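User: I've got a new model to go through with you. Can we take it piece by piece?
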Amino acid sequence: LGLSSQDWAVQLSDNSDDEVLAYYGEDTTNASMAKQALAKVSHFLKKTGLKAKQLRELLFQNLSDAEISSGEQQYAHININSLSSGEYVLLDEQEEWLKNSNDTMDLPSVTWFARVNRFIRLARITHLGFSELDTVLRHEQALNTSSLQETAKASLRLLAITKDLKQKLDISMQELMALIMDINQVGPVSYTHLTLPTKRIV
């Protein structure tokens with residue numbers, strides 16, 4: 001995958017709130033204000049270097065409007081294990097703020113920001129689009145490892161294998177995952193809404 005030792009450490013980290021906010025270059029003396037600042041779309045884009053189109057792919061992958069309305073993005077990698085079950089992060093009506101789908105919790109959790117930081121870093125290192133990377137990493141819950149760190153290691157191994165095979169076979173990541181694992185894909189493809197795999201195949 002081309003990860004440096006620092007990159008590897010970030011991917012396996014279970015950071016404190018201050019460490020996560022520091023990754024985004026935020027002042028950690030007031031974590032609450034820093035988290036609120038990160039939830040403002042214009043500030044989040046500035047800190048991550050993303051464009052508006054990339055932000056939409058990060059949040060909604062390749063989902064249709066109907067699937068977004070029904071909350072299918074809850075199954076995206078960035079929302080799994082970073083929010084309560086069934087919750088996800090979306091944009092407010094004016095698309096000025098990131099917000100939790102649970103109306104009782106206005107802001108995304110720091111755990112979500114940590115997961116997004118790792119996801120964006122990994123996408124840049126591997127030169128994969130967000131939807132491609134999500135197609136692989138969403139299988140992490142099925143890897144049945146004993147700890148979050150071991151799960152992260154297993155996910156990186158799976159990613160290394162699939163990235164290499166994708167290049168050798170010259171096929172899309174969705175096609176590759178259809179060949180080697182049970183499909184857990186949402187979006188406008190023919191094999192939607194199937195369940196997570198129950199075991200590793202590679």
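User: What share of the accessible surface belongs to carbon and sulfur atoms?
Analyst: This is a predicted model. Carbon and sulfur atoms account for 49% of an accessible surface of about 10300 Å².

User: How many helices and strands?
Analyst: There are 10 helices and two strands.

User: And in what order do the elements run?
Analyst: From the N terminus, the order is α-α-α-α-α-α-β-β-α-α-α-α.

User: How much of the chain is buried?
Analyst: Of the 202 residues, 46% are buried.

User: What fraction of the contacts join residues at least 24 apart?
Analyst: The figure is 55%, counted among contacts between residues at least 6 apart in sequence.

User: On to α5. Which of its residues are buried?
Analyst: Helix α5 covers residues 52-60, and its buried residues are Leu55, Leu58, Leu59 and Phe60. They span an arc of only 165° around the axis, so they sit on the same side of α5.

User: What do the buried residues of α5 pack against?
Analyst: Their partners are helices α4 (41-48), α6 (65-69), α7 (110-126) and α8 (130-137), plus strands β1 (89-91) and β2 (98-100).

User: What happens just after α5?
Analyst: Gln61 takes a positive phi there, about 50°.

User: Now α4. Which residues are buried there?
Analyst: Val41, Phe44, Leu45 and Thr48. Down the axis of α4, these residues fall within an arc of 100°, so they line one face of the helix.

User: And what do the buried residues of α4 pack against?
Analyst: They pack against α3 (31-38), α5 and α7, and against both β1 and β2. Just after α4, Gly49 has a positive phi of about 75°.

User: Let's look at Val41 itself. Why does Val41 count as buried?
Analyst: Val41 lies in helix α4. Its relative accessibility is 8%. The cut-off for buried is under 20%, so a residue below that value qualifies.

User: Which residues is Val41 in contact with, leaving aside neighbours within four places?
Analyst: Val41 is in contact with Leu55, Leu91, Glu95, Glu96, Trp97 and Leu98. Leu55 is also one of the buried residues of α5.

User: Which one gives the most?
Analyst: That is α7, with seven residues.

User: How far is Asp17 from Thr28, C-alpha to C-alpha?
Analyst: The distance is 8.4 Å in space, for 11 residues in sequence.

User: Last topic, backbone angles. What is the phi of His127?
Analyst: His127 has a positive phi of about 60°, although it is not a glycine. His127 lies in the loop between α7 and α8.

User: Is His127 buried or exposed?
Analyst: His127 is exposed, with a relative accessible area of 69%.

User: What about Asp170, what phi does it have?
Analyst: The phi of Asp170 is near 55°, a positive value in a residue other than glycine. Asp170 is placed in the loop between α9 and α10 (173-180). Asp170 counts as exposed, at 69% relative accessibility.

Methods. Residues numbered from 1 in each chain as written. Predicted model: local features only at pLDDT ≥ 70, side-chain atom pairs only at ≥ 80, totals over all residues. Heavy atoms only, no water. Helix = DSSP H or I, 4+ residues; strand = E, 2+ residues; numbered from the N terminus. Buried < 20%, exposed > 50% of the residue type's maximum accessible area, 1.4 Å probe, protein only. Contact = heavy atoms within 4.5 Å. Areas by Shrake-Rupley, 256 points an atom, 1.4 Å probe, with all protein chains shown as cover. Arc of directions from axis to C-beta.
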